[in-house]
Every structure is written in structure tokens, then in C-alpha cells.
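Me: I am new to this structure and would like to go through it step by step. Could we begin with the strands and then turn to the aromatic rings?

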Amino acid sequence: MCYKIPKNMIFVIVVLALIMIPKTVFANNGGSGITTTTPGTSTTPSSNPSTSPSPTPTVATGITIKPDIPITIVEGDTKKFEFSILPDDATNQEVVWTSSDTNVATVSDSGEVTALKAGTTTITVQMKDDTRIKATCLVTVTARTLSSDATLKSLSVKNGTLDKMFQSATFEYTVTVSKGIKELELEYNLNDSKATGAMIANNENIITGTKVKIVVTAEDKTTQTYTLVVKKEEINLNLKSLSIKGYTLNETFKAGKTDYTADIPYEAVDVTVVANAEDSEAEVTVKGDTELKIGKNTVIITVSNEGSSKSYQVIVTRGAEDEVEDKSGNGSKYSSGTANSTSGVATNTVVDRDGSSNIKHNVLRYVFVTIGSFVLFAIGAIGIYFFVKTVPKKEKNAKRGKGAVKKVEQKEVEHVETDKDTKSSENKQLKSIMPGDLEETREFRVDDLNHEKKNAKIAKDIESLFEDD
């Protein structure tokens with residue numbers, strides 16, 4: 001038969017079990033734990049506990065500081081102090097650091113002293129739990145003497161060459177670079193680490209003659225400047241050709257020759273200078289080639305490259321308004337004059353090439369031009385007059401000539417009739433005079449002679465008619 005345990009009975013059993021647990025857990029606690037007893041038995045405290053008491057801590061008896069003798073620190077410097085506690089196995093190792101004058105120097109919790117200004121102070125280290133155990137060190141702070149060293153220990157140019165070996169006490173150098181370099185690539189080291197560094201100036205778009213400066217500032221603000229004078233490789237600034245379009249230079253062009261002269265007429269107000277540089281990268285500019293005055297003008301041709309330049313000049317002499325070039329061989333003069341249209345001979349007056357005007361020549365020129373115009377006009381008028389008068393007369397004479405020819409023809413007919421008789425008689429006479437064979441080979445006949453006489457007569461009659469008119 002099963003017996004069912006009530007729920008409240010289960011609760012009681014659990015509580016009793018919990019009450020019995022401390023007796024087992026604390027049974028070996030040396031009498032300090034909870035002791036439980038069973039009813040009807042007695043317990044007595046154990047006179048020999050099973051555990052020993054906790055050990056006694058080691059107490060510090062002294063402390064030392066290192067350095068333990070007076071020291072001197074320069075203003076602004078730092079110094080690290082060390083300490084030791086006696087005995088070495090002292091339980092408490094906590095210490096406190098102090099400075100007697102924090103205006104002179106301060107000390108951190110780790111024992112690092114920082115010198116602030118000139119003076120003295122005492123640095124103390126002591127046990128935290130017993131201030132009687134301590135050690136001290138006298139610290140003297142001296143004013144700092146600032147360094148005036150503003151020199152370089154080394155200097156080199158990666159993309160150039162110095163003209164001499166670098167030395168700290170030599171402050172100017174010449175550096176040679178190729179013509180395409182725009183700035184120097186510098187490497188340097190300071191002689192004094194306390195110097196504030198170096199400042200580089202004028203190191204952009206360098207050209208020949210540029211002075212690149214390296215300015216070093218020392219600790220005491222003293223400065224020192226190193227100067228690098230840039231020298232670029234030689235640049236070709238010569239022209240390979242020079243001319244004036246439409247005109248000829250008086251001198252033969254040469255690349256090394258820079259001065260030339262040229263002569264132009266009055267009509268040329270501007271000139272076109274054609275100049276080509278030997279170096280394709282060089283730039284050629286021309287000034288003074290427009291609005292030329294009468295006389296001498298200076299035309300400047302400049303060849304430039306990488307900041308360097310070379311100039312050529314042409315002295316262009318422009319003639320005066322009434323001048324023509326003197327063909328007599330005098331190269332320093334111009335001549336002016338008026339040519340005779342019939343003979344082709346010109347009367348020239350010599351004029352200086354400085355372009356000064358001559359009023360007298362101008363007046364004569366205008367007089368000659370006026371007279372020539374009137375002469376030409378008169379010749380034209382006379383020609384027209386004779387043309388007008390001649391044409392009708394020619395027509396009239398032509399008509400009269402035709403009438404005269406008719407009259408002559410009529411007279412010729414009459415003469416032919418009258419000459420028939422004489423011709424027959426003459427032929428008879430010729431036949432009687434010349435043999436038959438000679439008659440056949442004769443060079444002319446009698447009638448030919450009569451014909452020639454007849455033509456001469458007609459011509460004479462025509463001439464008499466024109467003479468009558």
C-alpha cells in the first residue's frame with residue numbers, strides 16, 4: 001500500500017536538510033565556525049586548532065634616492081630620479097614626490113624633474129604611509145645659454161652640381177643645372193639640433209642668375225644665409241637668318257654679328273623683319289619695325305631662352321619724300337630730281353641721308369610737274385586740231401584725184417588714137433634697122449617706151465592738179 005507524502009511534509013524535509021549543511025561545511029574552521037550538536041550529546045571546543053594564524057606584514061624602515069648628491073640642471077632640461085625602499089621586501093612600496101620650490105623645478109609622480117628657471121629646490125621622496133621615512137636631493141637650475149649655431153652640417157643639390165665642396169663656414173656657391181630645371185632639389189642637415197630649421201627662398205622658376213637662399217635660424221634667433229647662384233647650361237641665342245622682306249641688308253648676315261643697316265624708300269612706313277633662331281626653343285621678338293620716321297630708325301631683334309637673351313639691331317634709314325636712290329655710287333646719299341621725258345636725262349640734287357627736307361627742291365619739283373602737264377596738254381590739243389583739219393582735206397583730195405584720173409584717161413585715149421599712125425611707122429623703121437632674130441629678142445619695144453612716157457605724163461598731170469589745189 002503506497003503512502004502519499006503531503007506537500008507540507010516535503011517542505012519540512014528540505015528545511016531540515018539545509019540546517020544540517022553548516023555542520024559539515026564549517027566543521028574544520030578551528031572553532032570559529034558554527035557548531036551543531038545532536039540532542040543527547042555534548043561538544044567541547046578543540047584546544048589544538050588545525051589552521052595557523054596569518055603572517056605579520058614587513059614594515060619599511062628606510063628609503064634612498066638616486067642621484068643622492070646635489071645636481072645641476074640647465075633651464076628647460078629634465079632629469080629622472082630613482083628610489084629604493086629598505087628592506088627590499090617591505091610590504092608597502094607607495095611613495096610621494098615633492099619639490100620645495102615648484103617655480104624653480106617640478107617633479108612628477110614618476111620622479112621626473114623639469115627645470116623651469118634659475119634657482120635651487122629640494123626634491124623629496126617619502127613613504128606614503130609614514131612621512132618620517134624619506135630621502136632628499138638638492139637641485140640647482142641654471143639659466144640656459146642659447147645656442148647661436150645657425151650653420152648647416154651638410155648640403156647637396158640632387159639635380160645640380162656645386163662649384164666647390166660644401167663647408168659649413170662657406171656661405172655662397174654656384175650651382176650648375178640643365179636648362180630645363182625649374183627648381184633645385186636640396187638636401188641638408190643642421191649642425192645644431194636646437195636650431196629651428198631652415199627656410200628656402202627663390203626656388204621657383206629659376207633661371208640663370210637666380211639666387212636660391214637657405215636661411216637657418218639658431219636657438220637664440222641668430223640667422224645665417226647660404227646662397228646658391230644658379231647657372232644654367234649654355235643656351236644658344238644666335239640667329240640663323242635675318243632679313244627685311246622686300247629689301248636688302250647692307251651687310252652680309254653672320255650669326256655672331258649683331259649690328260646691321262638697311263635703306264628703304266619714303267613710301268615704306270613699316271618693314272617686316274624675318275628672323276629665325278638656331279635653337280627652336282628660343283623666342284624671337286622684334287621692336288621698332290613700324291611707323292618708321294624719315295631718317296634713321298633702330299629695329300631691335302631679341303632672342304631669349306630660359307631667362308637669357310641676346311639682341312641684334314638693324315639701323316633702317318627711311319628716305320625723304322623727294323628722294324630717290326643715288327645711282328652714282330655714293331652710298332651715303334640720296335638724290336632727287338625730275339627726268340626729261342624726251343631725252344631720259346634727270347637733273348639730280350644731292351640730299352643728305354638724315355632725311356632733312358629741302359623746300360627749294362619741293363618747289364622746283366612742283367614747277368616742273370606743272371610745266372610738264374601744260375606741255376602735254378598743248379601737244380594733245382595740237383594733235384586733235386591737225387586731225388580734225390586733215391581728215392576733210394584728204395577726202396576732198398581723194399575726190400579730186402579720181403576726177404583727174406578720169407581726165408587723164410580720156411586724154412590717154414586721144415593720144416592712143418593719134419599714136420596708132422606713128423606706131424606703125426616706127427615699127428617699120430625698127431624692122432628695117434634690126435634683123436629678124438634681134439627683133440624677136442629685144443628687151444623693150446617702142447610701144448613700151450611710149451607707155452612709159454604715157455605713165456610719166458599721167459603722174460605729172462596728177463601732181464599739177466594737187467599743186468593747183
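**Strands and aromatic rings**

Reply: In this predicted model, strand 8 (residues 119-127) is paired with strand 9 (residues 134-142) in the antiparallel sense, over 8 bridges.

Me: Which residue is the bridge partner of Val-125 in strand 9?

Reply: The partner of Val-125 there is Ala-135.

Me: What is the strand order in the open sheet of 4 strands?

Reply: The order is 2-9-8-5, and the pairing is mixed. Strand 2 (71-74) and strand 5 are the edge strands, each pairing on one side only. From one strand to the next, the twist averages 25°.

Me: Now the rings. How many aromatic pairs are there?

Reply: The count comes to 5 aromatic pairs.

Me: Where do Phe-83 and Trp-97 lie?

Reply: Phe-83 belongs to strand 4 (residues 82-86) and Trp-97 to strand 5 (residues 95-99), so their pair ties together parts that are 14 residues apart in sequence.

Me: And is Trp-97 buried or exposed?

Reply: Trp-97 is buried, at a relative accessible area of 7%, whereas Phe-83 is partly exposed, at 32%.

Me: Which residues form an aromatic cluster?

Reply: Phe-166, Phe-171, Tyr-173 and Tyr-226 form one cluster.

Me: Last topic: which residue lies over the face of Tyr-266?

Reply: Arg-318 does, at 4.7 Å from the ring centre.

Key:
Residues are numbered from 1 along each chain as its sequence is written. This is a predicted model: local features need pLDDT of at least 70, side-chain atom pairs count only at pLDDT 80 or more; totals for chains, interfaces and linings use all residues. Side-chain values use heavy atoms; hydrogens and water are left out. Rings of Phe, Tyr and Trp (its six-membered ring) pair if their centres lie within 6.5 Å; planes under 30 degrees apart count as stacked, over 60 as edge-to-face and the rest as tilted. Helices (H or I, at least four residues) and strands (E, at least two) are DSSP runs, numbered from the N terminus. Buried means under 20% relative accessible area, exposed over 50%, partly exposed in between (1.4 Å probe, protein chains only). A charge sits over a ring if NZ of Lys or CZ of Arg is within 6 Å of the ring centre and within 35 degrees of the ring normal. Two strands pair if DSSP finds at least two bridges between them. Axes are lines fitted to C-alpha atoms, for helices over the stretch in contact, and angles run from 0 to 180 degrees between N-to-C directions.
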